[in-house]
Amino acid sequence: MAASRPPHLNSKISNGGCRISDDLGDRAAGDRWLDRAGSMAQEAEDQEFSAYVLARKAQRMVGTGDEDRVVGLARAASRLPNAPPLVQAFAAVQEGHGSAIERNVSAFQAAIEHAHKLVAAASPAGDTSALGSFCTRPYLAAQEGEGWLRLDQPWRAVDSFTAAVNEWPDRYRRERGVYLSRTAHAYLAASQPAQAATVAAEALSVATTTGSARVRRNVTTLARHLEPFSRQPDVRQFLDQLATPG
């Protein structure tokens, strides 16, 4: 009979299941996996991973518009003892999103600046499996872009998303595709439909090659908003690309 895995390992496997479910567009399954990860982290008395799970839960609440819940979870993650700096930075980003939902620009900027300081102060590590290792300068730029877009400042969002995409590591192609699609949304919000279509076409190529349902869903949503501009050549080309199977 095979030896059972320790609880902390099971919690990390469950978190991996959450990420895969999210990328496949199955939010309900992702919620179940993340709840399981949190329970196992508590069972193992793994405060570092418990902090990470709380920050992940805050992240997943952002799209619901429940800013109190977002900020509360993020602050709970930050208060847990032994939370690594990168996990604290991840939590600070979520607190910033909660502030953006509240339309509190100064609090949003303060949270993002705090996250930047935490990332800059963190010891460099080559272990990409370490908790919060994804919380890098490009990641923070992308999250800042999300906040500016939510705050109806699309050109600042374009600048932040572009900085993120230009520095994004090649090994994370799906995530780069996500932020390409978000850049396209920012261009459309800035009344630049042709540029939005050009960037969306690049995101669609990533969705096709990686099989990411999340990226395809983002560009499909954008396409509906681009329909009124379908006479523009770049927009028409993108819409035709999206309609082509494969």
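**Helix H9**

I started with how well H9 is covered, and found that 12 of its 17 residues are buried, so I noted the helix as mostly covered, taking buried to mean under 20% relative accessible area. The model I am reading is a predicted one.

I listed the buried residues of H9: Gly177, Val178, Tyr179, Leu180, Ser181, Arg182, Thr183, Ala184, His185, Ala186, Tyr187 and Leu188. I then looked up what covers them, and the cover includes H7, helix H8 (154-167), helix H10 (193-210) and helix H11 (213-226).

I checked the length of H9, which runs over residues 173-189. From first C-alpha to last, H9 reaches 24 Å, close to the 24 Å expected at 1.5 Å a residue. Just after H9, I found Ser191 with a positive phi of about 65°.

Is Gln143 buried or exposed? Its relative accessible area is 6%, so Gln143 is buried, the limit being under 20%.

I looked up the contacts of Gln143, leaving aside neighbours within four places in sequence, and got Val93, His97 and Tyr179. Tyr179 was already in my notes as one of the buried residues of H9.

**Rings**

I counted aromatic pairs and the count came to 9. One I looked at is Phe90 with Phe134, an edge-to-face pair with 5.0 Å centre to centre and 90° between the planes. The pair links distant parts of the chain, as its members are 44 residues apart. Phe90 sits in helix H5 (residues 85-101), and Phe134 in the loop between helix H6 (105-121) and H7.

I compared the cover of the two rings' residues. Phe90 is buried, with a relative accessible area of 0%, whereas Phe134 counts as partly exposed at 27%. I also noted that ring pairs link Tyr52, Phe90, Phe134 and Tyr139 into a cluster.

One more ring went into the notebook: the charged end of Arg156 sits over the ring of Trp148, 3.9 Å from its centre.

**Whole chain**

I ended with the totals. How many helices and strands are in the chain? I recorded 12 helices and 0 strands. Of the 246 residues, 47% are buried. Among contacts with a separation of 6 or more, 62% come from residues 24 or more positions apart. The chain exposes about 12,400 Å², and carbon and sulfur atoms supply 50% of that area.

Methods:
Residues numbered from 1 in each chain as written. Predicted model: local features only at pLDDT ≥ 70, side-chain atom pairs only at ≥ 80, totals over all residues. Heavy atoms only, no water. Buried < 20%, exposed > 50% of the residue type's maximum accessible area, 1.4 Å probe, protein only. Contact = heavy atoms within 4.5 Å. Phe/Tyr/Trp six-rings, centres within 6.5 Å; stacked < 30°, edge-to-face > 60°. Helix = DSSP H or I, 4+ residues; strand = E, 2+ residues; numbered from the N terminus. Lys NZ or Arg CZ within 6 Å of the ring centre and 35° of its normal. Areas by Shrake-Rupley, 256 points an atom, 1.4 Å probe, with all protein chains shown as cover. Expected span 1.5 Å × (residues − 1).
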